[in-house]
Amino acid sequence: MRTNPRQTAAHGAMLTIGETASLCAVSVRMLRHWESVGLLRPERDGNGYRLYDERDIARIRRIQLYRDLGLNSEQIGAVLGQPTKETLALLRTHRDRIEQRIAELQETLHGIDALSGHARHDTASTQSTDKENDMYDPTTDEAHERWGDSAQWMEYAEYRTRTDDAQQQADLDAMQAVERELAQAMRRGVEPGSDEANELALRHRESLTWYHVTPSMHVCLATMYTADPRFRAHYDAIEPGLADWLRAIIEAQAATEGVDVEHARWE
């Protein structure tokens, strides 16, 4: 027969569920859960109360160890009842999964750091092998100072994070191709407001892949193209007068989408 449950299990006696929980630093609820899934089988006294002996305490210690190692209840049940060889095989498989998860988490951390770096405009994070990209943002420090808190700057940081240098170069090449078509259309005398000009204005807006540009925002950008000497110089170097012509076709196209060109807002 078992002895007084109020004695300690260390002396070969029985403990109540509360005493066992305190001794093993585990909740009563967890002890009941382990019992419900078959990991524990405590005895019961005449009143139906659970009683735990030294073997139960030792088993609880094992369960806690494997739980801390990340095994689930089914795996722990298998480990507790199988030879060492099978346990080691299970642990190797479990370790491989953890290593894969660690690699995935490291990649996630890298992405978080990259996005944060681009958003903060950390020099080490924002350096690009694509030096041509600077022509659209010749003073990135100024741009960050002016728009660093804007939603568009965050979109720009997201773009830089999700695309590699090759994709960014491809996007830049596509935009430059549109600019060449704009210059050709201007030389051919395409009129602002015509179907061809409207299509080119749309394609120009779509080529601005760094952040989403609405028709109203496109008008604001077109105003900057003519007002900022750096942007004007860029477009007029492609074709003299291109900055003004591009602004004209952008405004005409935006008007077809209901934009009040004179009061266009940065949305």
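**Notes on the predicted model**

1. Let me start with a cysteine: Cys-220 is partly exposed, at a relative accessible area of 21%. Cys-24, by contrast, is buried, at 3%. (Buried is under 20% relative accessible area, exposed over 50% and partly exposed in between, using a 1.4 Å probe and protein chains only.) Searching the whole structure turns up 0 disulfides, a disulfide being a pair of cysteine sulfur atoms within 2.5 Å.

2. Before you read on, some ground rules: this is a predicted model, local features need pLDDT of at least 70, side-chain atom pairs count only at pLDDT 80 or more, and totals for chains, interfaces and linings use all residues. Residues are numbered from 1 along each chain as its sequence is written, and side-chain values use heavy atoms, with hydrogens and water left out.

3. Overall, the protein has 13 helices and 2 strands; these are DSSP runs numbered from the N terminus, with helices being H or I of at least four residues and strands E of at least two. Of its 267 residues, 37% are buried. The accessible surface is about 15,700 Å², with 52% of that belonging to carbon and sulfur atoms (Shrake-Rupley method, 1.4 Å probe; for residues, only the protein chains shown count as cover). For contacts between residues at least 6 apart in sequence, 58% join residues at least 24 apart, where contact means heavy atoms within 4.5 Å.

4. Have a look at helix H4 (residues 73-80), whose buried residues are Gln-75, Ile-76, Val-79 and Leu-80. Viewed down the axis of H4, they fall within an arc of 135°, so they line one face of the helix; the arc is taken from the directions from the helix axis to the C-beta atoms. Those buried residues pack against helix H3 (54-68) and helix H5 (84-120).

5. Now the cores. A nonpolar core here is a set of buried Ala, Val, Leu, Ile, Met, Phe, Trp, Tyr and Cys residues joined through side-chain atoms within 4.5 Å. The largest one has 33 residues, and those with the most contacts inside it include Leu-182, Trp-245 and Leu-246. Helices supplying at least two residues each include H8 (151-162), H9 (165-187) and H13 (242-256), and the largest share, 7 residues, comes from H13.

6. What does Leu-246 contact, leaving aside its neighbours within four places in sequence? The partners are Leu-182, His-204, Tyr-225 and Tyr-235.
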